[in-house]
Amino acid sequence: RELKATGRWKGELWNRRKSGEVFLEHQTITMVPGPDGKPVRYVAVFNDITELRRKDERIRHLAYHDPLTHLPNRQLLHDRLDHALALCRRESKTLAVMFLDLDRFKVINDTLGHDVGDNLLREVATRLADAVRGTDTVARLGGDEFVVLVEHPDTTGAVAAVAEKIIRALAAPVDLGPHKVHVTTSIGISFYPGDGEDLTELMKNADTAMYAAKAAGRNTYHFFSAAMNERAQWRLELENEMRHAVERGDFQLHYQPKVELATGRPCGAEALIRWNHPTKGLISPADFIPMAEETGMIVEMGEWAILEACGQMRRWLDAGLPPMTVAVNVSTRQLTGPGLYSIVAAALEVNDLPPAALELEVTESGVMDQAERAIAMLEGLKTLGVSIAVDDFGTGYSSLSYLRKLPINTVKIDRSFVMDLETNEQDAAIVRTILAMAQTLKLNVVAEGVETAAQAAMLAEANCDMAQGFHYARPLPAPAFAEWLRAATARQSTLA
Ligand code: C2E
Ligand code: CA
Ligand code: CA
């Protein structure tokens with residue numbers, strides 16, 4: 001348009017050489033008019049500016065990155081933090097700023113020389129970048145100071161887990177030619193919005209927290225807020241103690257009955273783990289299962305649970321209790337790891353139990369995370385004859401086409417749908433849909449978290465097979481469960 005109107009145009013174009021190579025050109029096109037003023041030809045003059053542009057980009061990279069480690073520098077960190085904060089404000093999300101300072105870096109630098117110091121900083125930069133998610137920013141402020149931005153962490157615990165991962169990542173000695181160097185770091189953490197509204201405040205408070213970490217003996221992390229710190233302290237203690245808790249026999253299983261809705265007959269139990277801590281008392285799984293998942297301890301804990309639940313079944317059979325199925329929860333880590341099949345096989349064999357005595361509860365998200373490996377494991381378990389239940393159904397992907405492919409026997413409708421069954425028409429509709437679908441796929445259905453007779457009646461009405469919840473019994477220690485079962489069975493026979 002410009003060429004037609006004014007007889008001239010200039011601008012930048014991507015062009016291609018005969019060889020196929022693409023290049024950037026700055027081009028000027030001029031119209032050459034004939035005697036009547038109409039265009040006879042166009043003349044184009046161009047410069048290849050590919051190299052020039054590359055240099056510009058290199059300069060821009062240098063302006064925003066630290067030349068030693070190639071990490072974003074203070075300038076780029078500020079840009080990103082500003083941008084991230086704006087996003088957090090708009091969408092009411094959270095953000096964590098971690099301030100890291102290497103411990104005793106100056107000593108290494110002064111005694112081994114600056115070249116060794118530089119190499120160490122490069123290695124630290126690489127390990128930091130590897131320890132965080134791709135969406136998090138690692139920047140170097142200068143010297144031995146680094147900052148990590150964690151955007152939208154799910155919980156403060158998740159940020160604590162990142163800090164622990166960083167500390168572990170730095171723990172391995174750094175091989176610097178003739179020297180092997182141990183380096184540790186102290187980390188201070190502040191949160192948006194709790195610990196500050198803007199960049200300056202968040203950085204300042206993370207820095208303050210970092211000094212607290214140094215004061216606490218280095219090689220650790222510290223939250224700016226006192227409450228979070230207490231929580232982190234508690235986490236660290238639990239995590240350390242968890243390693244010995246299995247050996248010490250601190251863990252116990254409680255058993256919660258499952259009941260056949262049509263008849264009210266007890267038809268099984270779910271084993272739920274409890275940590276009976278010597279000084280802290282009974283700790284809920286909600287407090288330690290996530291931590292056990294992060295550290296991998298869940299595998300050992302879960303294996304113990306399977307062995308213990310099967311051992312208990314054997315003791316109950318020997319004591320004359322009726323045969324039934326015990327359900328044990330299995331975490332994603334176990335499902336995708338190598339040991340589950342052999343543990344299940346061994347637990348059944350040493351206790352001389354039929355496979356029908358054991359059911360494994362897996363979560364939908366657990367299966368979907370690494371679908372192929374999980375499905376292979378489930379197929380394997382299926383050949384042993386144990387049954388598989390999908391736990392917390394309705395809260396994850398709930399992909400029906402996938403469900404069809406999974407080798408499962410049972411779905412457990414999540415408590416959140418049962419809770420408001422009487423008042424929330426939408427929840428009632430979801431429950432009816434799950435029941436209809438399960439019927440088509442020939443799956444059993446257990447409703448979780450049944451607390452009232454009215455809920456039980458509605459579920460029975462809708463042809464739900466089984467129920468579990470406080471309405472029948474809370475999770476009980478093994479002796480109390482046996483007693484409950486005897487009483488319930490006696491009640492049943494009087495009814496009959
Ligand atoms: P879950 O598998 O969904 O277990 C059911 C939870 O609901 C249990 O919480 C149980 O006490 C609670 N519950 C049962 N009936 C009712 C009710 O009527 N009302 C209400 N409000 N709650 C009810 P608990 O025992 O605290 O366990 C929490 C979670 O910890 C379990 O959720 C499970 O995901 C996990 N967990 C427990 N034991 C193990 C284990 O041995 N291994 C693994 N991997 N996870 C476990
Ligand atoms: Ca469960
Ligand atoms: Ca559940």
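Predicted model: local features only at pLDDT ≥ 70, side-chain atom pairs only at ≥ 80, totals over all residues.

Residues are numbered from 1 along each chain as its sequence is written, chains are lettered from A and ligands numbered from 1 in the order written, and side-chain values use heavy atoms, without hydrogens and water.

**Entry 1: the calcium ions**

Ligand 2 and ligand 3, both calcium ions, are 4.0 Å apart. Which residue coordinates both? I found aspartate 391. The pair links distant parts of the chain: glutamate 270 is in strand S12 and asparagine 329 in strand S14 (residues 325-329), 59 residues apart. Strands (E, at least two residues) and helices (H or I, at least four) are DSSP runs, numbered from the N terminus.

I then listed the donors. Ligand 2 has Glu270 (OE), Asn329 (OD1), Glu361 (OE) and Asp391 (OD), at 2.1 to 2.3 Å. Their spacing in sequence reads E-x58-N-x31-E-x29-D.

**Entry 2: ligand 1**

Next I checked the surroundings of ligand 1. I count a residue as near if one of its heavy atoms lies within 4 Å. There are 21 such residues, and the closest are Arg274, Asp391, Arg415, Glu451 and Phe470.

By class I get nine nonpolar, five polar and seven charged residues. Asp, Glu, Lys and Arg count as charged; Ala, Val, Leu, Ile, Met, Phe, Trp, Tyr, Cys and Pro as nonpolar; the others, Gly among them, as polar.

Which element gives the most to this shell? Strand S12 does, with four residues.

I looked for polar contacts (here, N or O atom pairs within 3.5 Å). Glutamine 256 has a polar side-chain atom 3.0 Å from a nitrogen of ligand 1. Arginine 274 has a polar side-chain atom 2.8 Å from an oxygen of ligand 1. Taken alone, ligand 1 exposes 800 Å², and the protein buries 81% of that (Shrake-Rupley method, 1.4 Å probe).

**Entry 3: the backbone**

I found a cis peptide bond between tyrosine 192 and proline 193, with omega about 5°. Proline 193 is in the loop between strand S9 (185-192) and helix H7 (199-215).

Histidine 152 has a positive phi, near 50°, and is not a glycine. I place histidine 152 in the loop between strand S6 (145-151) and helix H6 (156-171).

Notes:
Polar contact = N/O pair within 3.5 Å; in protein donor to acceptor, adjacent residues only side chain to side chain. Donors = N, O, S within 2.8 Å, 3.2 Å for Na, K, Ca; no water.
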